[in-house]
Amino acid sequence: MNRREWMQNSARFSIGATLGARLLGRKAEAVLISNPTPVASKPFPSKFLWGAATAAHQVEGNNVNSDNWLLERAPNTMYKEPSGDACDHYHLYEQDINQLADLGFNAYRFSIEWARIEPEKGFFSRAELEHYRRMLEMCHRRGLTPLVTYSHFTLPRWFAFQGAWENPQSGELFARYCEKATAHLGDLIGYAATFNEPDIPYLFHWINLPNVPAGMDLAAVMAAQKAALRKYLNAPDFSSFLIGDAEKSRENMMAAHSKGKAAIKSVKNIPVGLTLAMEDDQPGGADSRYAEKQAHVYGPWLKLAKQDDFIGVQTYTRSRIAGSKALPPPQGAELTQMGYEFYPESLEHTVRFAAKETGVPVIVTENGIASEDDKRRVEYIQRALAGVKRSIDDGITVRGYIHWSLLDNFEWIFGYTPKFGLIAVDRETQKRTVKPSAILLGKIARANSL
Ligand code: BGC
């Protein structure tokens, strides 16, 4: 493998690992719960949010004014395939929202697409805002509380050409978008999240990549990707969420969160927070620096979240840290399609951690697995929810469980291969097929009990 091929491969691998956040391993570690408290039969708290999540770019299709549309189509792209029509949720949202409600859910988490709402700097499309208004109205008609993410990774092209989150003006630009969107939609939004997983670029530092040439750092891989794109696009300032300078971007995104939140609240006092990619970090040996990882990756965001109305927890697996590197999953551990260890108990641990660190209510805004075998999803859901219930019974405030994802969708650089959905989508005909896991979770939602 030459250096360029390696860069492509490893970037693909690493981004995927961090996007869901977690890495490779081997077989099935039997039952990983140590002394689980039996699940009490009493129900979940009243008004508990039961939902499923999507993100605009991953399901809507034809997000042509976004930075990702360019990234997916660039030569030597890290992306397996372009998003194209995705699940055509842009047109089929009505049927999807109906399905969610019919299954028994009472919440829907989705993102509004900045690249559609402000396709050119300073031009806010009333027609696109109306589109999202219709989606929100549909949720209310069907008794679903809408949880809206204002920025789920993708950005308007013009914003990317101006340096994305590296641009010192990015916070103001984001806040203006938040203000405009809230003025049009705020009366219908149940919960607002400024950002989805803004901590991901820092997770890059804590990932163990097999076959990485000695001394090569993921930051260097990302920098190389960015340099290549700048050259290809003839755009000296082009940047994007994942390939941006992590430090600069974090500083600007933290400011953007505060400014965005203030802008939203200036229009309507809806509960505002952010969501974090959280691994269940565990010591992988005596010299483990896992606490350092937690402070480095989540610390500043958790501190910020103390001032918020809730914290969104998004967990898929655990990470065992030896020294300052993640170990591969234990020998024989069961792996999901993403290569993550099948470890549903990670959710309970991160819920407890986030609650302790922030002191604000937790909403599980994402949790799930990629699998072709829906039976594995059923087991994952049952075990993950048992852990959420144990936390609640111990007095932790958890407001809801939102499963990732409603539909099999565009899993970023992995394209359409990983199947995270409660509902399958035929990519040719766009026909939806409800999986048993959707029926199970809908039943739990209806009963508000396991
Ligand atoms: C992201 C989703 C992604 C999911 C599964 C999260 O990191 O918010 O967009 O599809 O994980 O990898």
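Here is a short chat about a pocket and a sheet in a predicted model.

Colleague: Hi! How much space lies in the second largest pocket?

Modeller: Hello! The second largest pocket holds about 270 Å³ of space.

Colleague: And which residues are the closest to its centre?

Modeller: Those are His205, Ala219, Gly244, Asp245 and Ala246, out of 17 residues that line the second largest pocket.

Colleague: Nice. Which elements give two or more residues to that lining?

Modeller: Look for three helices: α9 (200-203), α10 (218-233) and α11 (246-267).

Colleague: Which one gives the most to the lining?

Modeller: That would be α10, which supplies five residues.

Colleague: What is the lining like by class?

Modeller: You'll find 10 nonpolar residues there, along with three polar and four charged ones.

Colleague: Great, let's switch to the sheet. In what order do the three strands come?

Modeller: The order is β6-β8-β9, in an open sheet with mixed pairing. At the edges sit β6 (280-283) and β9 (325-326), and each of these pairs on one side only.

Colleague: In what sense do β6 and β8 pair?

Modeller: They pair in the parallel sense, over four bridges, with β8 covering residues 318-322. To find the spot in the structure, look for Asp281, which stands opposite Ser319 in β8.

Colleague: Good tip! Which helix packs on the sheet?

Modeller: Helix α12, residues 290-297, packs there and touches both β6 and β8.

Colleague: What angle does the direction of α12 make with that of β6?

Modeller: The two directions make about 150° with each other.

How values were computed. Residues are numbered from 1 along each chain as its sequence is written. This is a predicted model: local features need pLDDT of at least 70, side-chain atom pairs count only at pLDDT 80 or more; totals for chains, interfaces and linings use all residues. Side-chain values use heavy atoms; hydrogens and water are left out. On a 1 Å grid over the protein atoms alone, a cavity is a set of points where a 1.4 Å probe fits but cannot get out, and a pocket is an open set with protein on both sides within 12 Å along at least five of seven lines; lining residues have an atom within 4 Å of a point. Grid points are joined across faces, edges and corners, and a volume is the space filled by probe spheres set on the points. Ala, Val, Leu, Ile, Met, Phe, Trp, Tyr, Cys and Pro count as nonpolar, Asp, Glu, Lys and Arg as charged, and the others, Gly among them, as polar. Two strands pair if DSSP finds at least two bridges between them. Contact means heavy atoms within 4.5 Å. Axes are lines fitted to C-alpha atoms, for helices over the stretch in contact, and angles run from 0 to 180 degrees between N-to-C directions.
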